[in-house]
Amino acid sequence: MKIYPYPRLTGSVTARVTAVRLRGAGDVREQLESRSWSVVEQVVALGTAERDDWQTVRIGLAATVPTREIETKGHWTDVSVVAVVTEGTTNTRTAARLTSTDDSGRDWSGEIELDRADHLDRASLAVHVVAMVDGQAGRVIASTDQDWLIDMAAAAPLRERQLDVSTVSFVRGTEWLRSFRDAPWVVDTSGRMPAVRLNSDFEGLVALVESSGSQVERAVGEMLLAQMCADVWTAVFHTAIGDLEVEDDGTPLFPADWRGAVLREMLPDIVPGRSDEDALREVHTRRTGEGSWANLQPRIQYAAARRADVPRTLASTVRDLERIAQETDA
Amino acid sequence: MTSRPEYLPERLALLSDLQAAEFVTVGLLEGRDDVPSIALNKVAEPLPGDDARSRLHRVRDLIDHALVRFRGAPRPTVADAWLAPRLHETLRLTRREAAEKSFWTYLALGVAPDYVVWRHQSEAKGDTSHGRVARDRFFGAHYKQAFARLWWAAELFREGSDYRPVTVACSNQDMLNSALRLDVIDHRPTALALVRLLERGIVRTGRDVNALTSAVNAAAATLMYDVVAPDVERDGEPMRDWIATAESALPSPREVLPEGPEEQPAPEKSVEWLAGHFAELFADTEVRGRVSNAGD
């Protein structure tokens with residue numbers, strides 16, 4: 001937990017998206033339907049738009065603030081509420097003030113406009129409560145616990161991302177793929193998002209993964225997918241940790257893109273019970289030679305397998321195979 | 001010394017890290033080898049369409065000029081302040097396009113590996129070893145990669161069409177290196193206020209700049225600069241217009257500064273307030289530095 005040199009709110013601030021409107025050249029407008037965002041997942045999926053030529057998006061927001069605490073404690077004056085959208089990969093930050101919609105100061109609403117040319121992938125939206133504290137204006141006294149994600153291209157408002165799996169011939173593929181001609185699949189972590197390339201030259205593999213055959217094939221196919229996923233998680237973790245930027249004082253930094261997201265997701269399983277920053281420092285120190293990198297490998301494998309749902313899939317595959325065996329015996 | 005690529009296609013292209021890896025050899029990093037340009041362009045993916053902005057020679061001409069102009073300079077770092085605004089004006093990218101790492105990788109390996117080596121090769125130590133270029137100057141984070149860092153510096157430190165703050169920021173390597181990696185400068189009045197402290201000589205040395213930027217960054221965790229020093233609302237229209245005129249744009253002027261998109265300048269009040277605030281923060285760190293030095 002961070003320690004602040006001034007009093008902050010303990011109650012929580014919530015924010016929700018209430019409307020999403022797109023605008024294009026020649027004043028073309030489109031209002032997205034409410035299935036384009038999810039209050040549960042806290043994601044807006046702009047890929048749900050019918051038109052692809054939009055240039056700006058206006059997001060309507062509503063926020064609630066723990067007013068009673070502000071009144072009873074009396075530390076804060078000049079309270080304002082701001083929405084801030086950031087995306088690390090495009091170094092873009094946009095802020096908009098919300099306005100109070102009732103007398104109590106509990107409900108706030110407003111809009112924030114983003115330009116498509118300023119964003120690439122996923123932007124984060126947070127709402128902050130700002131106030132004057134001890135004579136200092138502009139103090140952040142509370143923020144939303146979890147950011148909303150504005151996904152520029154997703155067709156469904158889901159936080160978790162679908163893995164990009166594509167089938168290509170390794171023999172006829174790029175030079176890089178040709179060097180893996182015997183492998184059933186490889187994980188490519190070089191792009192904006194990690195991707196799995198399935199080798200179409202590996203006979204029967206594609207059918208197996210698509211799980212369209214017999215019960216046995218389906219069970220094995222699922223197992224294979226889980227294993228592939230575990231491979232991906234292991235590969236992306238190593239890519240992310242191997243490519244860290246380090247501050248002058250030796251503090252490693254979380255990357256802004258998916259690499260950062262992967263690290264935040266896996267670190268609690270690799271170094272349990274520590275803050276994200278501490279865990280990152282620990283893993284980085286071990287990798288760069290001080291401490292044991294080898295001892296950490298089982299934990300990385302464990303974290304990857306957990307993300308890929310390997311234990312559960314394996315358990316159910318074993319059960320399925322048993323049942324199939326019993327059915328054949330009977 | 002690594003030389004100008006023998007083969008330069010008409011259009012700029014994209015090159016992924018994986019594809020780039022085989023071309024970034026020790027020989028290249030030590031400035032002994034050239035990049036095999038024909039092989040490289042076989043794997044690179046040319047930019048689609050017929051956009052004037054993706055004409056390779058517009059960039060290469062600029063690089064050629066920079067090399068002639070600064071080759072005799074005491075330090076190659078002086079080229080940054082000249083090249084950053086002109087590279088920005090020549091490429092006319094949106095931030096979305098500039099976030100594409102493979103674009104910068106191609107620029108470094110396919111268009112101007114000779115420039116990257118000349119600008120970033122470290123001094124050789126002793127007679128036996130060669131000076132080296134760090135790999136991340138060819139493909140790396142936006143604040144490391146040889147051309148991405150200049151473009152982003154120009155984008156984040158310019159004030160609308162005015163590139164003057166960019167040249168100030170780029171004239172100080174510590175500002176360029178340490179500020180560019182911080183999220184706080186994504187708030188434009190913050191970036192401009194940092195430049196003012198440099199201009200006014202309040203911060204001078206690399207140590208000053210590093211102390212200042214880390215103090216500003218730490219303060220931003222509790223102070224909402226967007227509220228105390230708001231910027232104008234971002235408007236994408238001037239950028240779109242600017243990009244649309246790329247076709248008819250003249251080559252970037254070599255002697256005077258070019259002009260960027262006609263965006264609104266940041267509110268003077270915001271920039272000045274922050275400049276004052278940062279000067280106070282810096283004075284505090286200086287005092288603390290002196291106290292701890294005295295205790296040594």
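pLDDT is the predictor's confidence in each residue, from 0 to 100. I start there, as this is a predicted model, where local features need pLDDT of at least 70, side-chain atom pairs count only at pLDDT 80 or more, and totals for chains, interfaces and linings use all residues. Bookkeeping for myself: residues are numbered from 1 along each chain as its sequence is written, chains are lettered from A and ligands numbered from 1 in the order in which they are written, and side-chain values use heavy atoms, with hydrogens and water left out.

**Entry: confidence in chain A**

I looked up the mean pLDDT of chain A and got 88, with 98% of its residues at 70 or more. Then I went through the elements (helices, H or I, of at least four residues and strands, E, of at least two, are DSSP runs numbered from the N terminus). Strand β8 of chain A, residues 107-115, has the highest mean pLDDT at 97, while helix α2 of chain A, residues 175-178, has the lowest at 78.

**Entry: domains of chain A**

I noted domain 1 at 14-151 and domain 2 at 164-324 in chain A; bounds like these come from an automatic or database domain assignment. Taken over C-alpha atoms, the centres of the two domains of chain A are 33 Å apart.

I followed strand β6 of chain A (residues 76-87) to its partners; two strands pair if DSSP finds at least two bridges between them. With strand β7 of chain A (residues 92-100), β6(A) runs antiparallel over seven bridges. Thr86(A) has Arg93(A) as its bridge partner in β7(A). The two strands make a hairpin with four residues between them, and Asn91(A) in the turn has a positive phi of about 50°.

I also stopped at Asp78(A), which sits within strand β6 of chain A. Asp78(A) has a positive phi of about 50° although it is not a glycine. Is Asp78(A) buried or exposed? Exposed, with a relative accessible area of 56% (buried means under 20%, exposed over 50%, partly exposed in between, with a 1.4 Å probe and protein chains only).

**Entry: β9 and its partners**

How many bridges pair β6(A) with β9(A)? I found nine, in the antiparallel sense, with β9(A) spanning residues 122-133. Trp76(A) has Val133(A) as its bridge partner in β9(A).

β9(A) also runs antiparallel to β10(A), over five bridges. Strand β11 of chain A (residues 148-151) is another antiparallel partner of β9(A), joined by four bridges, and Arg122(A) stands opposite Asp151(A) in β11(A).

I checked burial too: 10 of the 12 residues of β9(A) are buried, so β9(A) is largely enclosed by the rest of the structure.

Next I looked at the loop between β9 and β10 (136-143) of chain A, where Asp134(A) lies. The hairpin of β9(A) and β10(A) has two residues between the strands, and Asp134(A) takes a positive phi near 50° in that hairpin. Asp134(A) counts as exposed, at 66% relative accessibility.

**Entry: Arg116(A)**

I found Arg116(A) in the loop between β8 and β9 of chain A. At 15% relative accessibility, Arg116(A) counts as buried. What does Arg116(A) touch, not counting residues up to four places away in sequence? My list reads Asp52(A), Asp53(A), Trp54(A), Gln55(A), Thr56(A) and, from chain B, Arg96(B). Contact here means heavy atoms within 4.5 Å.

**Entry: chain B overall**

I counted 16 helices and two strands in chain B. Along the principal axes, the C-alpha atoms of chain B fill a box of roughly 55 × 55 × 35 Å. Buried residues make up 56% of the 296 in chain B. For contacts in chain B between residues at least 6 apart in sequence, 81% join residues at least 24 apart.

**Entry: Ser3(B)**

I placed Ser3(B) in the segment before β1 (13-14) of chain B. Ser3(B) is partly exposed, at 32% relative accessible area. Leaving aside neighbours within four places in sequence, Ser3(B) is in contact with Asp34(B), Pro113(B) and Asp114(B).
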